[in-house]
Structures are given as structure tokens and as C-alpha cells.
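Please look at the structure before reading on.

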Amino acid sequence: MTVTPLTLGIPSKGRLMEASAELYAKAGLPIERIGNDRGYRGRLTGVDGIDVAFLSASEIAGQLRDGKIHLGVTGEDLLREKIPPTDESIDVAVRLGFGPANVVVAVPECWLDVAAMADLDEVAEQFYRAHGRRIRVATKYIHLTRRWFAAHGVTGYRIVDSSGATEGAPAAGLADIIVDITTTGSTLAANHLRILDDGVILQSCAVLALKRELLPDLRVQVMLKALAKAL
Amino acid sequence: MAGRSSAEREALARQNAAIMAVFERAGFDHIAPDIIQPADIFLERSGEDIRARTFVFSDPDGNELCLRPDLTVPACRYHLSHAADATAESRYCYLGTAFRFPDELLSPQEFNQAGIEWFGDHNPVQAEARVMKLAIAALEAAGLSGLKITMGDLGLFNALIDAMAMPERWRRRLKHQFWRPQAFRSLLDRFARPSTQKRTAISSHVDAIAGQDAEAAVAARLAALDFPHVTDRGVAEIAARLSEKLADRSEAPLDPAMVKLIEAYLAIEGSVTDVVADLAKLPSSPALDGARRWFEARIAALEDQGLNPRRFHFSANFGRELEYYTGLVFQIEVEARNAPLVVAGGGRYNDLLHDLGAPSRVSAVGCAIHTERVKAVLS
């Protein structure tokens, strides 16, 4: 009898890839690449029936949501952005701890009068009356931004989709404020941006996420136990 | 299910023809507003929350367009482009598809709205009563009975706030937050205890402008801190808000009796004719007396239309989710399988035409019927 192998998505490059490889090696389930070193397929050794797909970190959440992979290591920020809170079919099984970073709301330092989200709501309304347009928020986290702003009653804004160098958008005149990910905050400070007092949307780190229905699967259980020991 | 069979299509068309006949017989001009609209108008007016529910796309030049999420704004745009005088009285009706991403309630992403919009009305309470009458008559013509009508009145709330002793900036903020019950609550608490506010990241900037010309102080502070000035927010705008924060520090707290009064008002509900007695207990002021007279005149106008307002429900809280209304708001529900279903809603929105480009404020009142919901209740 053959069992359908599970597919585990692992980031294909960068710090997340290296940290994932180290962790799985430490857990006694080293990732083995199939074919040449540049290939995008692999498997876990030490447990049968788990294939590895090397994907860009941003694709992993979407592929998990669409059922194209069964498990995946990715940033919690990307997972929460791609998968709505109402979707209960996907679960964070383990917070892996590496890749810590916060998704934050940051405003120009020159906005001396804005400390918190409640200020932002007032500014948004006054800005609209004074300038006839909405304040613009540059971000790649469209859904996280909408949910956070809605939870704080802020509605009078527009999102400007920004996939790179978001922190430069206010200085470039492309946006007024930003929602972005930051580790030390030094890039924000260098760009004369300040995080709001209640502006931390998410304290993110790398997570192992999976389809909830797979939790009882024996292979998954073996993997989770090994990871728990290694962490 | 994808699409409608010929029988389903015909049944819906028959029902909607009965609805439209009521509007047309009442003298409303049957127009066909555009389906594709410039996205900016919807997004700039309502902000990002409506964008999350609206189908937005780009034309080959990169301009953002959308499929209309409702027909009120498209009807306004029709009026502004066709009427020789945008402020002249005009009465329109329409039947057309609106498009929204389904929400958690699994509503369909395309559905047909039948509605009326009455612009530049001269006798406000009569126009409001007439619109309610026509909405009810249209639903009954479609075959519905047992309609449950709920009304609210933002004019009363605004008049109540205007009648209270507090700084104008507090009034503005309370009216702005009326739509968001939680934020409204925390604002009230803040005004009731202004001196107990915690220091924040910007408190030192507020300190710095005390006793100074605020604008000059802000400019000097930005230079001293080496904060470059970016975005279109001017130094004057930043200074004005810091000055308000400074003034808030020494402002007398909102009288606890006023807080109680606002709470008491928001708790008012009951039969439209019964709440007149509750409203009479609110204090007297020119604005509030005017709003009360208006409320009572509307009851009389509803009776003139042959309606029985004794059976309509009033709730001071109602309308707190619907942003663009400025006075009367109402909705009509019917008992469906196990829960009431909203089949129509409407109200007064006197700011919208001006926001969309009319040369001055134009009074406006209207309503829209969710025709698929009517069909669902009937079948």
C-alpha cells in the first residue's frame, strides 16, 4: 500500500531557509535536496513520506491556503496576511522563534501631534477636509492593515500597494504613512518614521503552519515531536 | 448556483416590474446609471473599508475603476451630469445590479437594487414620509406583508450634542465617532476625565508649545530635532492639533450630567409615537427644539401618507453603522425562516451631492430595496 506523501514548503533562500535547514538538521530530520544543489525539490530524511518544496517565503502561505502544499515554514506576517482569521482549516503548529520582526504602523517624525491610532483617525478626517483626498498608507500588508485600522475605527484612508522600499514612500511623496515589517526599527528611524504607541500590529516570527486536519497524521506527529525537542 | 434559469429570471423580473411600477406611477423618472464607475469617488468618500468590498480594476491607462457597490452614488452622478441645475428638484428611480464581494453572511456578489432618490426636496418631512410610504407600497406590491420598520434620526443626536456646553472641537469629535460605538464610549470617558490622561510619545511636544506661538514653536522644534518636513500635512495643521491637545489639558471635564444625558438619549427606543414623550424630557435648546418639532412633523406626515407610525420602531442607536446619512435613517425587515431579514433601507443624506461636485448643499432622501432578498422571502 502506498501512502500519498505530504509536501512541506521551505523558503528557498535567505535567512529563513538557512535557519529552517539548521533546525531540521538539529531535530534529526535533515532536509535532503533531490537532484542538483539548485533543485527546488527535496525530502526529509529520518521520516518517510514528507517531500520538501523550496518556495519563496511569500508563496508558502498562499500555496498552503490553496491546498497545494500540506505544511510550510514561513513568516507569521505572511501567513496572517494571506489567510483570513475566519479560515480555521490552517493552524500554526509551532512558533519556531527565528526571524523575529514586528509589523507596525509608522508615521513621519514630523507629525508631532500623532501618538496613537486614535490620533490617526482624527488626522485622517481633518486631512480629507483640508486637502480633499484621503491619507495614503503604503504597505504590502493590505489585509493586516485593513483589519487593524478597522479594529481601531480608522476608515478615512487609502492603501497604496508597495512591495519594496516601503519606508521610503512618505519621503518620496508616494504615501503619508506606512505599515511595514521591522526588526530593530533602525530603517524606520533612518527614514524619519516613528512607530505609533499602539502601532504594533503583529509580533511575528517564523512558524510551521499546516492543514489542521493533518495534526493526527503519524508523520506529522513524528516531525512535531522532533522539532519540539530541537527548539 | 451559477446563474438563473429562465423561470427564476422571469419570476424576479415580474416581481421587480411590480416594484418599479409603484415608483414610476409616483412620478419618479426611471433612469439607468452607469455600472462602471470611477473608483476614486467611492474610495475617497468612504475610505478603505468599502474598497475591501468593491470590485476595483484598472483601465489600460492605469485609472482605477469599479463595479458599482450600490446605486445611490451612480444616481447622484447621473443627476450631476444630466440636470441643468443640480440644485433643482429631481426625482429618480432605478433597477440595476450592484456588485460586492460576499461577506461572512455569504450574501451574493451581484444583486439587484430597486430604489428611488429624491433630490432638492422642498418639504423635508413630507419627502421623507413619501419615500417611506413608497418603499412600503413597493414591497407590498411585490407581495410582502408583515413589514417591520425601524427608524433613527441623526438630526436629534447632532442637536443634542450642539445643545451641550463643551468646546466645539469636542462636539466635532463626538459627532465623528457616533458611527463607532466603542470609540465614542472611550471619547466620552476621555472628556469626562481630561486631566487623568497618561503621557504619550508626543506629550513633550505639547509641553513645548505652551505659552508660544504654536506654529513658530512647531517649526523651531522640527528644525531642532532634525525632523524633515514630509507629506502634505502643513506645519499649521500639526500646530493646530497640538494646540487642541494643550487646551484639552486644562479643559473643565464634561459635566457628568451631560454624559448621563447622552447615555439616556442613546438608550431611547420604542414605538415612534411613544418616544415623543422620552424626547420631551431632554433639555430645551433652539437646535433640540427644532429637531423635536421636525420629529413630530414627520409623524404627522407619515399619518398623512396613510401609514401608522405607532407601529414603527424608533431606536436612537439605529444608523450607527451607515456613514453617509445626515438625518432620518430607516430599514424595513420581514420575518424570514428563522431570523428577520433586512429587505430595504434608506434615509436622508444632504451632504453627498455637494461632496460629489454639486455647487452647493442639495437636500436628498432615498431608499433601496434588495430585490433578491424579497424574492427569497416570498419563495
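## Chain B as a whole

Among the contacts in chain B with a separation of 6 or more, 69% join residues 24 or more positions apart. The model is a predicted one. Chain B contains 16 helices and 12 strands. Its C-alpha atoms fill a box of roughly 75 × 60 × 45 Å along the principal axes. Of the 379 residues in chain B, 48% are buried.

## The sheet of chain B

Strands in a sheet pair through backbone hydrogen bonds, and the pairing is either parallel or antiparallel. In chain B, nine strands form an open sheet with mixed pairing, in the order 1-5-6-12-11-10-7-9-8. Strand 1 (29–30) and strand 8 (269–271) of chain B each have a single partner strand, so they stand at the edges and one side of each has no neighbour in the sheet.

Strand 8 of chain B pairs with strand 9 (residues 313–315) of chain B in the antiparallel sense, over three bridges. Within this pairing, Ser315(B) in strand 9 of chain B is the bridge partner of Glu269(B).

## Helices on the sheet

Helix 5 (residues 124–142) of chain B packs on the sheet and touches strand 6 (110–119), strand 7 (148–153), strand 10 (328–335), strand 11 (340–348) and strand 12 (364–370) of chain B. The direction of helix 5 makes about 10° with that of strand 12 of chain B.

Helix 14 (residues 286–304) of chain B also packs on the sheet, where it touches strand 7, strand 9 and strand 10 of chain B. Its direction makes about 150° with that of strand 7 of chain B.

## Two helices in contact

Two packed helices are described by the angle and the distance between their axes. In chain B, the axes of helix 8 (residues 181–192) and helix 12 (residues 256–266) come within 11 Å and cross at roughly 160°. Angles over 145 degrees count as roughly antiparallel, so helix 8 of chain B is roughly antiparallel to helix 12 of chain B. Their crossing is left-handed.

Helix 8 of chain B contributes Phe184(B), Arg185(B), Leu188(B) and Ala192(B) to the contact, and helix 12 of chain B contributes Val259(B), Ile262(B), Glu263(B) and Leu266(B). By class, this contact has six nonpolar, no polar and two charged residues.

## A helix in chain A

In helix 2 (residues 57–65) of chain A, the buried residues are Ala57(A), Ile60(A), Ala61(A), Gly62(A) and Leu64(A). After helix 2 of chain A comes Gly67(A), which has a positive phi near 80°.

How values were computed
Residues are numbered from 1 along each chain as its sequence is written. Chains are lettered from A and ligands numbered from 1 in the order in which they are written. This is a predicted model: local features need pLDDT of at least 70, side-chain atom pairs count only at pLDDT 80 or more; totals for chains, interfaces and linings use all residues. Side-chain values use heavy atoms; hydrogens and water are left out. Axes are lines fitted to C-alpha atoms, for helices over the stretch in contact, and angles run from 0 to 180 degrees between N-to-C directions. Helices (H or I, at least four residues) and strands (E, at least two) are DSSP runs, numbered from the N terminus. Angles under 35 degrees count as roughly parallel, over 145 as roughly antiparallel, 65 to 115 as roughly perpendicular and the rest as oblique. A crossing is left-handed if the near helix is turned anticlockwise from the far one by less than a right angle, and right-handed if clockwise. Contact means heavy atoms within 4.5 Å. Ala, Val, Leu, Ile, Met, Phe, Trp, Tyr, Cys and Pro count as nonpolar, Asp, Glu, Lys and Arg as charged, and the others, Gly among them, as polar. Two strands pair if DSSP finds at least two bridges between them. Buried means under 20% relative accessible area, exposed over 50%, partly exposed in between (1.4 Å probe, protein chains only).
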